[in-house]
Amino acid sequence: MRLDRVKRRGLLAAAHMIDVVARAHGAVRRAQRVGVAFALLAAGVADAAVAEAANELCGQTITQSITLTANQTCTGDGLIVVGDNITIDLGGFTLSGDGDMGDVGIVLQGPPHVTIQNGTIRGFDIGVGFAVAGSAVVKLSHVTLRGNVHFGAAPAAVTFIVDKCSALENGVGILAEAVQVLKITSTAFVANTTHGLQLDARSATITNVVATGNGERGLFISESGEKITVQSSLFAHNGAEGVFIADEFSTPGKITLTKNTIVGNGAEGVVVDGSGDSAHHVAVAVIGNVIEGNGAAAVTVTNDADDTVVTGNRLIGNAGDGVTIDATSDATIVRGNTIIGNGRYGIVTTNPTATLAKNVVNANHDLAITAPSGAVDGGGNTTRANGVAGCSPAIACPPEFTPKPGPVTPTCGMHVATSITLGASTPLCAGTDGLIVDADGVTINLNGHAVRGDGNSVTTGVVIPAGRKHVTIANGLVQGFQIGIGTDLASDGLKITNVEVSGNNLHGAVLAGAGP
């Protein structure tokens, strides 16, 4: 029995929009093969390598549980599920379509409880969809949704459970729309043309998910937020954001993103967007994640996303800022993060109500922290080796090193044959090395001072000749040479502690050694 397309609640109309980005499909099909392999293992199934039987189930109305005994290749809809407490066991086989617009692999015509398990659904317009909303519970287990034109699955259910499945090379991997309770565990979303997983759910738990190589976002949370938790998952190498959170729910709630790895995505690692939450009902917490090597900022808080908390994360080597907070997003808290080696600022906020505390902000390309007057200094922020030293006046950052009195005033090209403690920085060394170690067992305590070159000469800040043993360099800055600290050949027992080596033209340090 063919179903009334109008009853599919606009899914097919919405699906047309995905065609706009279909040109990206060829690129994302080549996304990490490792991720694809993981997806297939997670599903625990593969296309059954058996001869296809007559496709007697295609287009049939299913009123009781069934188990497939052969592949089914359909030119219209696949199975149409009507009864209650139905299990569709694919039996390790494949239910295939021909990709025509409007065809659905398994159509849910309002069955209260249905489980789909143990096989592959591929080549339909929508892999699992609905004609009539109202299912109480829909569960997918050990199912591969592959190559469906617009959606791998898009059921309407009060409760939607996905366990040990994979969604590969669909338009959107899974669209969980208007779901009351969503639970997705141990599932992979790989090389889908647009988003890996898109959800609109009142309550959701996403755990041990992999979303990689998708054309746009790995995870897109839209119109959600009463209680959403995303944890212990990987969002990597997606074309746009790793995770995009739109806190748009109409009642108070919280979205928590915790203990995830978000790496190598084309745009931001995480975006928190409050444009749909004009009443500021939903707070977002980004806690304890590794967010690394993404194409823009690690975390962006924007469009009135009030009360966002960013705490305990490692934000490393992203192309943009570590954390960006726009002027409209009030009362953001950024606390206890390690923010290292990002391509712009460590933390930048244009909103004066942000609170910044106990962040370690090192080796970012521009200023460590920039904040307007009135921003709340929670104390404990530390900075070192950023492209521009220190922080803006609103946030107190201790100096990277505190120079202390000492007995030795160094000179450029100075030979050091005994341990010394500096009482001043070197002059600006032009055309000459800084300090040259002449004996074993020497400790050079920079004592908070700097060895500085002019940035133009083929020189080394601290030279440790071949064969020198048990040399220690400590507590200061080496900057502006071709090589900051260099050894000619092996130098056993070399120790460098609490030293910033920055702004050197070729290498910060060239080290060779053996032994403790």
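**Fold and packing**

Mentor: The protein chain has three helices and 49 strands, where helices (H or I, at least four residues) and strands (E, at least two) are DSSP runs numbered from the N terminus. This is a predicted model: local features need pLDDT of at least 70, side-chain atom pairs count only at pLDDT 80 or more, and totals for chains, interfaces and linings use all residues. Residues are numbered from 1 along each chain as its sequence is written, and side-chain values use heavy atoms, with hydrogens and water left out.

Trainee: How much of the protein chain is buried?
Mentor: Buried residues are 54% of the 516 residues; buried means under 20% relative accessible area, exposed over 50%, and partly exposed in between (1.4 Å probe, protein chains only).

Trainee: Which residues have the most contacts inside the largest nonpolar core?
Mentor: They are I88, I106, I116 and L182, in a core of 82 residues. A nonpolar core is a set of buried Ala, Val, Leu, Ile, Met, Phe, Trp, Tyr and Cys residues joined through side-chain atoms within 4.5 Å.

Trainee: And what does L182 touch, leaving out residues up to four places away in sequence?
Mentor: Its partners include F160, A176, L199 and I206, a contact being heavy atoms within 4.5 Å. A second, separate core of 21 residues includes V408, V437, A439 and I485.

Trainee: Changing topic, where is D307?
Mentor: D307 is in the loop between β27 (299-302) and β28 (309-311). Its phi is positive, about 65°, although D307 is not a glycine.

Trainee: Is K358 buried or exposed?
Mentor: K358 is exposed, at 58% relative accessible area.
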